[in-house]
Amino acid sequence: MRMWWTAVLALLADVALVAAPSDRVSCESLSKLSLPNTAITSAQVLPAGQFTPPAGRGPVPSFKDVPAFCRVQATLTPSSDSDIKIEVWLPASGWNGKFQAVGNGGWAGTISYGPLGAAVRRGYAAASTDTGHVGGSASFALGHPEKLTDFAYRAVHEMTIAAKAIVTSFYGSGPHYSYWNGCSTGGRQGLKEAQRFPADFDGIIAGAPANYQMHLHVWSIAVAQAVHKELGSYIPPEKYPAIHKAALDACDALDGLTDGLIQDPTRCHFDPKAIQCAGEDTSTCLTRPQVEAARKLYAPVKNSRTNAEIFPGMEPGSELGWAPLAGPNANPVATDTFTYLVYKDPHWDWRTMNPDTDTALADKNDNGLIDAIDPNLQPFFSHKGKLIMYHGWNDPLIAPGNSVNYYGSVAKKIGDSSKTADSIRLFMVPGMAHCGGGEGPNTFDMVGALEQWAEKGTVPEQIIASHSQNGTVDRTRPLCAYPQVASYRGTGSIDDASNFICAAR
Ligand SMILES: [Ca+2]
């Protein structure tokens with residue numbers, strides 16, 4: 001109760017933004033709300049713990065501890081071919097006065113129910129969209145350019161406009177802070193918002209962004225081509241642990257601490273030739289063609305004529321997660337870009353991709369529609385917008401160097417990192433895979449860090465991350481604002497964050 005009153009008093013301090021309770025409307029009456037290009041199809045209160053997500057892709061998170069909320073479902077039609085589903089979840093009580101939009105993964109095509117529940121648990125009014133199509137393939141885009149625009153950026157922007165209007169109607173006042181929270185495609189969506197609609201959000205969390213999607217997918221397919229170059233070049237996944245161990249043997253100690261993590265993989269120059277089979281081919285060594293394939297995976301993909309980098313490579317440490325890109329087939333999320341967007345040919349064969357010519361073709365075809373690489377974030381920063389980026393150094397789906405590159409491009413565009421330090425921070429996460437998982441501390445509260453930054457002016461210099469095994473935390477470690485890295489003080493447990501400082505590498 002006391003916490004509730006504290007929250008109310010905090011809201012009252014924000015004078016004009018607080019509306020009288022009489023301005024509120026019931027949840028059900030939101031179905032009669034009239035908004036441009038918007039049909040509200042359902043508005044109903046769900047009691048605490050009663051939400052059940054529709055059967056679909058992926059694991060189903062638990063909603064048992066999600067408090068009661070008003071669930072609004074709507075269809076947005078900014079174009080005649082649009083069919084954008086959105087959901088807006090409004091806490092029935094204890095609203096924190098803020099709005100959080102959550103992002104998608106891959107080709108989207110589904111509402112992000114888990115992140116919606118997480119946002120409502122924290123008191124946020126929250127929104128998610130399927131981006132205008134159903135299902136995780138890009139086949140929707142064939143013959144539907146307007147739907148592709150919806151996926152690229154329009155669904156998220158229109159959802160944000162509609163959701164803020166719905167929030168305002170329900171509570172009698174609009175959100176006093178609005179945040180974006182997404183990873184992978186969600187990271188791309190967040191950067192697109194910062195670049196294209198700088199007034200939509202006060203703060204954006206962009207994890208492992210797929211923001212250079214054309215180049216990312218050239219690289220993804222190049223990884224598959226490297227391991228399928230010849231019969232003997234394929235690396236069976238049962239060999240990944242041996243490569244991983246060899247990479248750690250070569251580089252774990254480089255950061256001064258043998259802890260199973262490579263703090264800064266860019267300093268690691270591991271050559272998989274170190275475990276080339278001397279005799280018989282076993283699961284703990286690589287044949288000569290496999291050594292060549294592994295070398296290609298660690299290297300950036302380049303234009304063979306100009307030597308220009310198209311996309312960075314895998315980092316040493318990522319080996320355990322190579323299967324999705326280096327498996328028996330190229331990753332369908334990547335090949336869909338060429339099959340349905342670039343060549344518009346369902347029979348396109350990924351083995352025919354030529355990085356030199358197909359990168360140029362993909363760039364020309366996209367023309368900045370999906371790609372979100374504009375380094376000019378000045379309009380967003382001028383709105384006092386705060387951007388937190390993060391990326392796992394062991395990410396095997398989106399090479400982490402891409403985030404370093406984008407972060408660097410923003411600093412270069414705006415001047416130098418001293419001019420961007422109050423607006424953008426990048427956290428590289430040692431040992432973390434794609435958006436989570438991995439052997440490193442991979443659980444952290446980016447939303448909390450963003451709240452402190454946007455609302456209190458506390459710049460996130462470090463964010464504490466934890467790693468758990470079987471539900472028990474076995475290590476904590478600070479994540480440091482790039483280019484700093486966590487440095488051991490020299491005494492105390494290496495599994496306790498308090499024994500580390502953030503320091504220049
Ligand atoms: Ca280490």
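1. A cavity here is a set of points, on a 1 Å grid over the protein atoms alone, where a 1.4 Å probe fits but cannot get out. Grid points are joined across faces, edges and corners, and the volume is the space filled by probe spheres set on the points. The whole structure has 3 cavities of 30 Å³ or more.

2. Before going on, some housekeeping: this is a predicted model, in which local features need pLDDT of at least 70, side-chain atom pairs count only at pLDDT 80 or more, and totals for chains, interfaces and linings use all residues. Numbering runs from 1 along each chain as its sequence is written, and side-chain values use heavy atoms, with hydrogens and water left out.

3. Back to the largest cavity. Its lining has 14 residues, and those closest to the centre are Gln263, Trp393, Met428, Gln484 and Val485; lining residues have an atom within 4 Å of a point. Strand S13 (472–480) and strand S14 (485–488) are the elements that give two or more residues to this lining, and S13 gives the most, with 3. Strands are DSSP runs (E, at least two residues), numbered from the N terminus. By class, the lining has 10 nonpolar, 2 polar and 2 charged residues. The classes are nonpolar for Ala, Val, Leu, Ile, Met, Phe, Trp, Tyr, Cys and Pro, charged for Asp, Glu, Lys and Arg, and polar for the others, Gly among them.

4. The second largest cavity holds about 60 Å³.

5. Now the calcium ion. Its protein donors lie 2.3 to 2.6 Å away: Asp252 (O), Asp252 (OD), Asp255 (OD), Asp255 (OD), Leu257 (O), Asp259 (OD) and Leu261 (O). Donors are N, O and S atoms within 2.8 Å of the metal (3.2 Å for Na, K and Ca), and water is not among the atoms, so sites may look incomplete. The donor residues are spaced D-x2-D-x1-L-x1-D-x1-L in sequence. Asp252 and Leu257 are both buried (under 20% relative accessible area, 1.4 Å probe, protein chains only).

6. Last, strand S2 (residues 69–76), where 7 of 8 residues are buried. S2 pairs antiparallel with strand S1 (residues 38–46) over 8 bridges, and 8 bridges also join S2 to strand S3 (residues 84–91), again antiparallel. Pairing takes at least two DSSP bridges between the strands. Val72 is a handy landmark: Val72 is the bridge partner of Ala43 and stands opposite Val88 in S3.

Definitions and conventions:
1 Å grid on protein atoms, 1.4 Å probe; cavity = no way out; pocket = protein on both sides within 12 Å on 5 of 7 lines; lining within 4 Å. Helix = DSSP H or I, 4+ residues; strand = E, 2+ residues; numbered from the N terminus. Buried < 20%, exposed > 50% of the residue type's maximum accessible area, 1.4 Å probe, protein only.
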